Amino acid sequence: MTLLLKQVTKRFDEHIAVYQLSLEIPEKEMFGFLGGNGAGKTTTFRMILGLLDKTEGEISWNGESINYDKSHLIGYLPEERGLYPKLTVRDQLIYLGKLRGMKKQEVIIELESWLERFKVPEYIDKKVDELSKGNQQKIQFITAVIHKPKLLILDEPFSGLDPINVEMLKEAVVDLKMQDTSIVFSSHRMEHVEELCEHLCILHKGKPVVQGSLKDIKQTFGRKNLVVHGDHSFDFLENFPGVVQYKKIAQGCELQIENEEISQRIFSALQGQGFIRKFDLEEPSLNDIFIEKVGASYE
Ligand SMILES: Nc1ncnc2c1ncn2[C@@H]1O[C@H](COP(=O)(O)OP(=O)(O)OP(=O)(O)O)[C@@H](O)[C@H]1O
């Protein structure tokens, strides 16, 4: 089931939060939605989920308008987490699971298996406000996935988690994808999107500035990173034609260059200048691309 956004705009009075956004989110894939603060990610999610009316445009799933009565098809981890603090994890999940058409016993089986997986089986009888923020987030994640949705929308799923829990959640998300769940997630963390997503969109002030497959985005960006390690000074490369950025490091330097050809010229210029231990041409990182496209306004 492909999720399609066509020329979607959202205005809050005079303020345009999302402007003519068109996106195709392939089924059974993980799609990364990037953007600085206030770029329009959450607003877009809320429109997809029917929590906010769009001002203009169309949103469809598998060629049809999304039927919000069939809430069991969609799972949502909101940015502002919202669990009932005084309910136990068990009661919370039973309540939310039933809202999505699950039977109590089904909920318990799924919940126990998720808590086991997240290595916190003892939390089942704890009240939410007895849990740390990171652990509350795991519970919130379980509420988003317990009913096995076909489309899963995760708004900043990894924020506030320690590295071990980030890995645990990442693995869970990858497994859900393997089980054919279509997943869209927003993040400020480029490396997470780079690691997990085949396709992505970078929003800036409500407009897409980059979108497509990660591979194509990197290829068409043109610029490359070049890492050179060696014993002599590489300072002359700072003003070398085609070098966009120069960074001195202990072992040598790291450069951003305009294109692959510049690396050949640098290679020639380094001949006879001493021992080179490393000369590596690398794809730009998503972080490089983000900074270039979104620039100084990113917080
Ligand atoms: N209910 C609202 N009323 C008025 N303006 C709003 C409302 N919701 C969002 N906005 C504005 O719309 C813009 C997009 O906000 P949104 O929350 O979608 O950004 P975001 O990309 O999710 O940001 P962040 O990464 O900081 O969470 C912002 O300028 C925000 O102030």
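Trainee: How much of the chain is made up of buried residues, and what makes a residue count as buried?

Mentor: In this predicted model, buried residues make up 33% of the 299 residues in the chain.

Trainee: What makes the largest nonpolar core a core, and which of its residues touch the most other members?

Mentor: Its 56 residues count as a core because they are buried nonpolar residues joined through C-beta atoms within 7 Å. Phe31, Ile153 and Ile183 touch the most other members. Strand β2 (residues 15–25) gives this core its largest share, 5 residues.

Trainee: Where does the model place a second core?

Mentor: A separate core of 7 residues includes Val228, Phe234, Leu255 and Ile266.

Trainee: Back to Phe31: what is it in contact with, beyond its neighbours within four places in sequence?

Mentor: Phe31 is in contact with Ile25, Ile183, Val184, Cys197, His199 and Leu200.

Trainee: Now helix α8. Why can we say that its buried residues line one face?

Mentor: The buried residues of α8 (residues 260–270) are Ile262, Ser263 and Ile266. Looking down the helix axis, they fall within an arc of 105 degrees, so they line one face.

Trainee: Which exposed residues sit on the face of α8 turned away from the buried side, and what makes them exposed?

Mentor: That face carries Glu260, Glu261, Gln264 and Ser268.

Trainee: What covers the buried residues of α8?

Mentor: The cover includes strands β11 (224–230), β12 (243–249), β13 (252–257) and β14 (276–282). After the helix comes Gly272, whose phi is positive, near 75 degrees.

Trainee: Which residues are around the ligand, and how do you know that they belong there?

Mentor: They are Phe12, His15, Ala17, Gly35, Asn37, Gly38, Ala39, Gly40, Lys41, Thr42, Thr43 and Glu79. They belong there because the C-beta atom of each lies within 6 Å of the ligand.

Trainee: Which element supplies the largest share of that shell?

Mentor: Helix α1 does, with 3 residues. Both β2 and α1 (41–48) supply at least two residues each.

Trainee: How do the shell residues divide into nonpolar, polar and charged?

Mentor: There are 3 nonpolar, 7 polar and 2 charged residues.

Terms used. Residues are numbered from 1 along each chain as its sequence is written. This is a predicted model: local features need pLDDT of at least 70, side-chain atom pairs count only at pLDDT 80 or more; totals for chains, interfaces and linings use all residues. A residue is buried if 20 or more other C-beta atoms lie within 10 Å of its own, exposed if 12 or fewer, and partly exposed in between; C-beta atoms are placed from the backbone. Helices (H or I, at least four residues) and strands (E, at least two) are DSSP runs, numbered from the N terminus. Two residues are in contact if their C-beta atoms, placed from the backbone, lie within 7 Å. The arc is that of the directions from the helix axis to the C-beta atoms. Ala, Val, Leu, Ile, Met, Phe, Trp, Tyr, Cys and Pro count as nonpolar, Asp, Glu, Lys and Arg as charged, and the others, Gly among them, as polar.
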